[in-house]
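Please look through the sequence and the model shown here before reading on. The report below is meant for someone meeting this structure for the first time.

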Amino acid sequence: MSFFRNMKTRLHQRYLTPLQKYRFLFEELVKRDFKRKYKGTVLGMGWSVLSPLLQLLVMRLIFTQFFGRDTPHYTSYLFCGLLIYHYFRESTVSGMSSLTANAGIFGKVNVPKYLFILSKNVSSLINFGLTLCVFFVFVAIDHIAFSWRFLALVYPVVCLIAFNIGVGMILSALFIFFRDTSYLYDIFTLLLRYMCAIFYRIDSFPEKVQRLFLINPVYCYIKYFRVVVVDGGMPSAAYHLLCAGYAAAVLVIGAVIYKKYNTRFMYYI
C-alpha cells in the first residue's frame with residue numbers, strides 16, 4: 001500500500017501540481033486551439049459533427065451492398081469505427097505539431113511542455129463528445145435499445161484518451177527531430193484506416209488472422225464499442241486488461257521520451 005501511496009504522491013507532484021499552477025494558461029490554450037480550428041468557416045463547430053456524418057453517408061452508400069448486406073445494424077457498426085478512428089487521428093495529428101506550434105511560448109516561459117499536448121487532446125475530446133451525441137441518435141434510429149451496458153463505454157474512452165496523449169507525446173518529440181514524421185504518419189494512418197475493420201467484418205477470416213487484429217490498439221477500442229452497442233454484450237476481463245495495457249504502455253513510453261529529451265527540444269525548433 002505504501003508503494004502505491006508514494007507513486008500517487010509522485011504523480012501528483014510531477015503532473016497535477018504543475019497543471020494546477022498553469023491552469024489559466026492551459027484553459028487559454030484549449031480555447032485558442034478550438035477557436036483556431038474553425039476560424040473563417042461558415043459552419044464553425046458544426047464541421048466537427050458534419051464531417052464524420054458525410055463520411056458515414058459516403059461509406060454507407062458505397063459499402064452497404066458489399067459488406068453490410070448481412071451485417072445487422074450496419075450504420076451503427078460503421079459509425080463506431082469512424083467515431084473512434086477520427087478521434088484518434090485528430091488527436092494525434094494535432095498533438096504531433098503541438099510543440100513546434102507553441103515554440104514561441106515555451107521558448108520564453110518555462111512551462112511544462114506536456115500542457116500543449118493536453119490542450120490539443122481536450123480540444124479533440126470536445127469534438128469527439130459532440131459526435132458521440134450524434135452517434136447515439138443514430139443508434140436510436142437504428143432501433144438499438146439503450147442499455148445500462150452503454151455506461152461501460154466510458155472505459156474505452158478513458159483508455160483512448162490516455163493512448164492518444166501517449167502517441168501525441170511520441171509523435172511531437174519525433175516531429176521536432178525528424179520533420180518527415182508528418183508525411184510518414186499520413187501514410188501510416190491511411191494504412192491504419194483499412195486495418196481497423198471500419199467498414200467490414202473480420203468473421204470471415206481464419207481465427208489466427210482475427211487474433212492479429214488485436215495487435216492494433218485502435219481496432220480494440222472500436223471493437224469494444226461494437227460489442228457493447230451493436231452486439232449488446234460485454235467484453236471479457238482479459239479484453240479490458242488489453243485495452244488498459246495498450247493505453248498504459250504508450251503513455252509511459254511517451255512520458256519517458258519527454259523526460260529524457262525535454263531539455264533538447266529547444267535546440268531543434
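Predicted model: local features only at pLDDT ≥ 70, side-chain atom pairs only at ≥ 80, totals over all residues.

At 1.5 Å a residue, its 24 residues should span 34 Å, and the end C-alpha atoms of α8 lie 35 Å apart, which agrees. Of those 24 residues, 17 are buried, so α8 is largely enclosed by the rest of the structure.

Sorted by class, the contact of α8 with α12 contains 22 nonpolar and 4 polar residues, with no charged residues. A second pair, α4 with α11, is instead oblique, and the two pairs are set out below.

| Helix pair | Axes come within | Crossing angle | Handedness |
|---|---|---|---|
| α4 and α11 | 9 Å | roughly 140 degrees | right-handed |

The largest nonpolar core has 53 residues, of which Ile84, Phe135, Phe163, Val218, Tyr221 and Phe225 touch the most other members. At least two residues of this core are supplied by each of α4 (74–96), α7 (114–141), α8, α9 (181–195), α11 (217–229) and α12. The largest share comes from α4, which provides 12 residues of the core.

Technical notes
Residues numbered from 1 in each chain as written. Heavy atoms only, no water. Nonpolar A, V, L, I, M, F, W, Y, C, P; charged D, E, K, R; others polar. Helix = DSSP H or I, 4+ residues; strand = E, 2+ residues; numbered from the N terminus. Expected span 1.5 Å × (residues − 1). Buried < 20%, exposed > 50% of the residue type's maximum accessible area, 1.4 Å probe, protein only. Core = buried A, V, L, I, M, F, W, Y, C linked by side-chain atoms within 4.5 Å. Axes fitted to C-alpha atoms, helices over the stretch in contact; angles between N-to-C directions. Parallel < 35°, antiparallel > 145°, perpendicular 65-115°, else oblique. Left-handed = near helix turned anticlockwise from the far one by under 90°.
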